[in-house]
Amino acid sequence: MKKLTLIFLMLLCISLAFGQRKGRGCDFQMWADSLDRLRAEAMTARTEVERYSLNDDFMNLLVLTLDEDNSFKFGWDSVKNFSVLTSPDNLFKIFTWFIYKDDFTVENFGFIQVYNDGRKKYVVYPLFDRRVVMDYPQTTVGNQNKWFGAVYYNMIPLKTKNRTYYTLLGWNGNDLFTNQKVIEVLYFKSDMTPVFGANVFKK
């Protein structure tokens with residue numbers, strides 16, 4: 001019954017979104033409430049299959065929401081178990097969260113919503129957690145398809161002559177016995193695709 005209710009909410013949100021594109025604009029709080037319900041269900045579902053299914057629903061609904069005009073201006077404080085950081089220069093937002101697996105490890109998920117000046121719009125990049133296959137994560141330079149994975153809780157910008165680097169502080173649940181603190185550096189290429197990793201720290 002809960003699953004059917006969530007599917008109904010998603011369909012309702014989609015219907016309202018298409019109906020509102022020409023008029024009043026999207027009710028982002030309604031979308032946020034639906035996303036909050038999906039995150040709560042995903043955090044408490046009994047099996048890994050259920051958790052991943054609910055996470056897929058969450059991701060699909062979030063993508064639809066971020067595709068709406070003015071979505072960048074909306075705050076997401078009401079969605080629990082979900083981190084959203086906005087860069088101080090308002091260039092991008094980074095959304096991160098995690099799912100518990102049955103072996104008590106976690107998989108991290110994320111999106112970056114960044115303004116692309118050439119396309120005159122915000123674009124969204126999904127982030128794919130690849131830390132388990134990184135041989136040397138401390139020196140690996142990745143991108144949205146090769147991300148170490150973490151839930152970020154703080155961002156520190158560093159502006160240089162050529163570009164701005166964003167130091168991200170995060171948490172990774174790792175496994176039943178250990179957690180990890182993560183320091184990641186993010187910057188953007190000229191086409192606004194993200195790059196994770198840069199040699200900005202003194203040894």
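Is D102 buried, partly exposed or exposed? D102 is partly exposed, at a relative accessible area of 47% (buried is under 20%, exposed over 50%, partly exposed in between, with a 1.4 Å probe and protein chains only).

## About the model

This is a predicted model, where local features need pLDDT of at least 70, side-chain atom pairs count only at pLDDT 80 or more, and totals for chains, interfaces and linings use all residues. Residues are numbered from 1 along each chain as its sequence is written, and side-chain values use heavy atoms, with hydrogens and water left out.

Let's start with α2, residues 28-44 (helices are DSSP runs of H or I with at least four residues, strands are runs of E with at least two, and both are numbered from the N terminus). With 17 residues at 1.5 Å a residue, α2 should span 24 Å, and its end C-alpha atoms, 25 Å apart, agree with that (the expected span is 1.5 Å times one less than the number of residues). Buried residues of α2 include F28, W31, L35, L38 and A42. An α-helix has 3.6 residues a turn, so residues three or four places apart point the same way.

The axes of α2 and α3 come within 9 Å and cross at roughly 165° (axes are lines fitted to C-alpha atoms, for helices over the stretch in contact, and angles run from 0 to 180 degrees between N-to-C directions). That makes α2 roughly antiparallel to α3, a label for angles over 145 degrees. In α2, the residues F28, W31, S34, L35, L38, R39, E41 and A42 meet R51, L54, D57, F58, L61, L62, L64 and T65 of α3 (contact means heavy atoms within 4.5 Å).

## Salt bridges

The count comes to 4 salt bridges (a side-chain nitrogen of Lys or Arg within 4 Å of a carboxyl oxygen of Asp or Glu). One of them joins D36 and K80, with the closest N and O atoms 3.1 Å apart. D36 lies in helix α2 and K80 in the loop between α3 and β1, so this pair ties together parts 44 residues apart in sequence. D36 counts as buried, at 17% relative accessibility.

Back to D102: its salt bridge is with R51, and the closest N and O atoms are 2.5 Å apart. This pair links distant parts of the chain, 51 residues apart, with D102 in the loop between β2 and β3 and R51 in helix α3. R51 counts as buried at 7% relative accessibility. Another salt bridge pairs K120 with D117 at 3.2 Å between the closest N and O atoms; here K120 is exposed at 57% and D117 is partly exposed at 48%.

Note on methods:
Angles under 35 degrees count as roughly parallel, over 145 as roughly antiparallel, 65 to 115 as roughly perpendicular and the rest as oblique.
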